[in-house]
Amino acid sequence: QGADDWWAYRSGFRLDYDKPGKDALTLQGDLYHLDSGSRYLVPAFTAPYADLFDHTSNHPGGNVLFRWSHTFSPSSQVSLITYYDRAQVKDVILSNVTDTFDIDFQHTLKLAPWNELIWGLGYRYYRDNIDNSEVVTFDPSHTRNQLLSAFIQDEFKFLDDHLRLTLGSRFEHNDYTGFEAQPTARLLWAPNPDHSVWTAFSRAVRTPSQVEWDADSIAISVIPPFTPVNPSPFPVVAEIVGSHDYGSEELKAFELGYRFQANKSLAVDISGFYNLYDDLRTTERGRRRFELFPAPHFVIPLKAANRMDGETYGVEVAADWHPLKWWRLNAAYTFLYMDLETDRDSTDLYTAKSTEGVSPRHQFSFRSRTELPKNLELDLWLRYVDSLSGIDVPGYVTMDARLAWRPQKGLELAVVGQNLLDAGHLE
């Protein structure tokens with residue numbers, strides 16, 4: 001039994017004002033408090049080299065949001081959103097307070113019947129105050145970060161709206177890696193209402209997190225002495241450390257798709273993708289060192305680095321069919337192939353294979369939704385998921401079921417069963 005009980009309460013408000021065709025205002029906010037139980041296995045420097053205990057962490061917080069939109073004309077509208085959030089975590093392993101202030105502006109402008117432009121600006125300020133512990137330490141433990149962003153998207157329509165071209169990009173400046181650009185281009189051709197072909201290219205980045213940049217020491221495990229892995233007389237502590245040399249991970253994505261509307265009751269979608277990844281995260285082993293406190297032990301630092309590249313490709317097929325007015329069927333199949341490789345000088349021997357092993361190569365699902373007499377509704381969802389070698393989960397077939405009754409408008413009673421054909425597993 002895990003000590004995973006929790007309870008929460010939340011309160012909030014919302015005020016709206018709307019002047020048709022001119023201004024719309026929204027002011028809303030929330031306050032909440034969550035107590036969450038967890039069972040912790042914490043590395044220890046003395047036998048048995050791990051402490052198991054139950055603890056309840058506290059998560060108080062709140063937020064407030066203001067939204068304003070204004071219509072200048074049918075071809076010009078603006079919106080402004082500002083937001084403040086405070087989130088706290090009070091935990092035995094890590095306690096912190098995070099404040100976030102965000103403001104976003106967007107302008108939609110119709111330049112011509114065949115051309116619509118959207119652009120915007122954004123600013124985000126956030127600060128973290130972390131209370132370090134014996135297991136987790138950050139340096140610095142108090143951070144202040146700013147994110148400046150801008151985006152632009154321009155859509156062009158040609159051939160009586162049978163051909164659409166969308167070009168755009170997001171630009172940002174963050175305190176970790178500086179300037180980043182994420183462009184995208186999409187082309188859609190619909191020769192008639194029943195057929196459409198589309199293709200797209202995008203570049204995206206994942207910027208470093210605070211752990212990857214500022215973690216000074218996060219102990220993840222202790223290897224006992226006099227074992228085959230550690231024959232020395234002292235325990236060995238493996239710890240995660242950040243690095244200011246860690247940069248953004250990069251993705252270049254290529255997509256191609258086709259949609260066919262066979263008739264009013266049947267539609268089929270087919271899409272393929274090819275993704276190129278550069279500078280993915282690895283965990284590099286540093287030089288082992290010896291420390292005396294709080295007990296004699298060795299330390300092996302594991303530092304975040306960008307020493308893995310790779311590619312993925314696959315195909316997705318989906319069908320939506322209404323054989324009868326009261327019966328709807330959905331079927332989908334996905335194939336995914338991943339090929340990741342670390343650099344020759346990398347000391348990370350596990351990340352590539354473990355990452356490939358946590359996503360199924362094949363997935364299939366079949367859903368049936370039936371509207372029955374007496375305001376009853378029956379949903380069945382059968383699915384197959386391929387094996388996940390990275391976490392030792394074999395392939396499985398399972399099903400969810402839902403029977404709902406609506407005695408009157410606005411009221412629904414439902415009985416739901418999940419994972420009915422499969423025993424529990426790690427995933």
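View 1. Strands are DSSP runs of E with at least two residues, numbered from the N terminus. This is a predicted model, in which local features need pLDDT of at least 70, side-chain atom pairs count only at pLDDT 80 or more, and totals for chains, interfaces and linings use all residues. Residues are numbered from 1 along each chain as its sequence is written, and side-chain values use heavy atoms, without hydrogens and water. Q182 counts as buried because its relative accessibility is 16%; buried means under 20% relative accessible area, exposed over 50%, and partly exposed in between (1.4 Å probe, protein chains only). The Q182 side chain reaches the backbone nitrogen of V205 at 3.2 Å. Beyond neighbours within four places in sequence, Q182 is in contact (heavy atoms within 4.5 Å) with S169, R170, E172, R203, A204 and V205.

**View 2. The largest nonpolar core, with 13 residues.** Such a core is a set of buried Ala, Val, Leu, Ile, Met, Phe, Trp, Tyr and Cys residues joined through side-chain atoms within 4.5 Å. V42, I93, V135, V136, F138 and I218 touch the most other members. Strand 2 (23-43), strand 7 (136-138) and strand 12 (215-223) each supply at least two residues, and the largest share, four residues, comes from strand 12.

**View 3. A second, separate core of six residues.** Its members include M308, M338, L340 and A352.

Conventions
A polar contact is a pair of N or O atoms within 3.5 Å; within protein, one must be able to donate a hydrogen and the other to accept it, and residues adjacent in sequence count only if both atoms are side-chain atoms.
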